[in-house]
Amino acid sequence: MKAVVYERYGPPEVLQFKEVEKPTPKDNEVLIRTHATTVTSADWRVRSLNVPAGFGFVMRLVFGIAKPRQPILGSELAGVVESVGKDVRNFKIGDQVFAFSDTSMGCHAEYKCMPQDGVVVLKPPSLPYDEAAALSFGGSTALDFLRRARLQRGESILVNGASGGVGTAVVQLARHFGADVTGVCSTANMEMVRSLGACYVIDYTKEDFTRNGETYDVIVDTVGTAPFSRSKYSLKDGGRLLMVLAGLPDMLQIPWVSMTSSKKIIAGPVAVRADDLRFLARLAEAGEFKPVIDRRYPFEQIVEAHRYVDTGRKKGNIIITLNLDN
Ligand SMILES: NC(=O)c1ccc[n+]([C@@H]2O[C@H](COP(=O)([O-])OP(=O)(O)OC[C@H]3O[C@@H](n4cnc5c(N)ncnc54)[C@H](OP(=O)(O)O)[C@@H]3O)[C@@H](O)[C@H]2O)c1
């Protein structure tokens, strides 16, 4: 099968198309033929090892010290089950599915095996493959952080980086849960963020939300420009700062902040659950959650897609399509 592999960390140019062995599903696995996948900020970080302060060595421990242990990137896909292992009961050949392989990656290939009890679920028939492929990364991250924050109906939430893959999901889900959403983005993305359900939109090129006197129950920072030292005065008493992007120094201050203030910092990796994908699929089917798709690239142009993601300016999600018949 055709796959995009990288044998050393670095810029998009380290990626190469290669013929690799088509995987064979183990007894409890399904083999999925990929129709659509995505290039996310995680692919950029893992490929380049451009990671938040203090995490360089941890990333090498997880992904390979001298070179990548898993040579195929990509954490999301949507496709069709082509074959199943002998113990598989949850899926059958021909099922349309979408999946999130998270840090195991491996989705930038024509085929991918997933355990039947892994994070793989049926795709609603009405949902196109490209939208299904883009549900998991931003959606799971948003759900997990909002759950940890115990966001309540009627609370106010500010989303810094509201136009990115995670931000566009947080805005929509927070709105769905009945929160009063403020999005922070650049001028060009204001209308889009408003259309996702933000009641207020702040243009970060004109206004610094940490200095305008407004306060929120929850602040979500997906950019890294709103650490606790800057955003604490914008949090109400009992407020929670969700640091989707946090360096080691940010994480080390979490216990101290909890002990010395009514406010709380929530950070760290996201817990990934198949039930979250099912929940997101139901919302998408009902038209209450729609992954924002900025650009689509054919598989052959995936290096170009990485170059765009590397700019840090994408809006929502970047789709890679592998088949013309979807
Ligand atoms: N903790 C976890 O487990 C976890 C999970 C997922 C992601 N993450 C991290 O979360 C971060 C965000 O991920 P993502 O996928 O959303 O990234 P992304 O899609 O690449 O974010 C790009 C967006 O960031 C916006 N942006 C850039 N500078 C900004 C600024 N100063 N203020 C406000 N917005 C700004 C850009 O808008 P403009 O073009 O308008 O500037 C663009 O729309 C990444 O660093 C990722 O590594 C962590």
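Start by selecting helices H1 and H11, which are roughly perpendicular to each other (the label covers angles of 65 to 115 degrees). Their axes lie 9 Å apart and the packing angle is about 95°. Axes here are lines fitted to C-alpha atoms over the stretch in contact, with angles running from 0 to 180 degrees between N-to-C directions. H11 spans residues 302-310. Helices are DSSP runs (H or I, at least four residues), numbered from the N terminus.

This is a predicted model, in which local features need pLDDT of at least 70 and side-chain atom pairs count only at pLDDT 80 or more, while totals for chains, interfaces and linings use all residues. Residues are numbered from 1 along each chain as its sequence is written, and side-chain values use heavy atoms, leaving out hydrogens and water.

Next, show the side chains between the two helices. Ser41, Asp43, Trp44 and Arg47 of H1 meet His306, Val309 and Asp310 of H11 (contact means heavy atoms within 4.5 Å). By class, this contact of H1 with H11 holds 2 nonpolar, 2 polar and 3 charged residues. Ala, Val, Leu, Ile, Met, Phe, Trp, Tyr, Cys and Pro count as nonpolar, Asp, Glu, Lys and Arg as charged, and the others, Gly among them, as polar.

Stay on Ser41 and display the ligand. A polar side-chain atom of Ser41 is 2.8 Å from a ligand oxygen atom (polar contacts pair N or O atoms within 3.5 Å). Ser163 also places a polar side-chain atom 2.7 Å from an oxygen atom of the ligand. At Val270, select the backbone: one N or O atom there lies 3.3 Å from a ligand oxygen atom.

How many residues surround the ligand? There are 25, and the closest are Arg45, Ser163, Ser186, Tyr204 and Lys314 (a heavy atom within 4 Å makes a residue near). The shell has 10 nonpolar, 12 polar and 3 charged residues. H4 gives the largest share, 3 residues.

Finish with H4 and H10 (residues 274-285), whose axes come within 10 Å and cross at roughly 110°. H4 is therefore roughly perpendicular to H10. On H4, select Ser136, Gly139, Ser140, Leu143 and Arg147; they meet Asp276, Leu277, Phe279 and Leu280 of H10.

Technical notes. Polar contact = N/O pair within 3.5 Å; in protein donor to acceptor, adjacent residues only side chain to side chain. Parallel < 35°, antiparallel > 145°, perpendicular 65-115°, else oblique.
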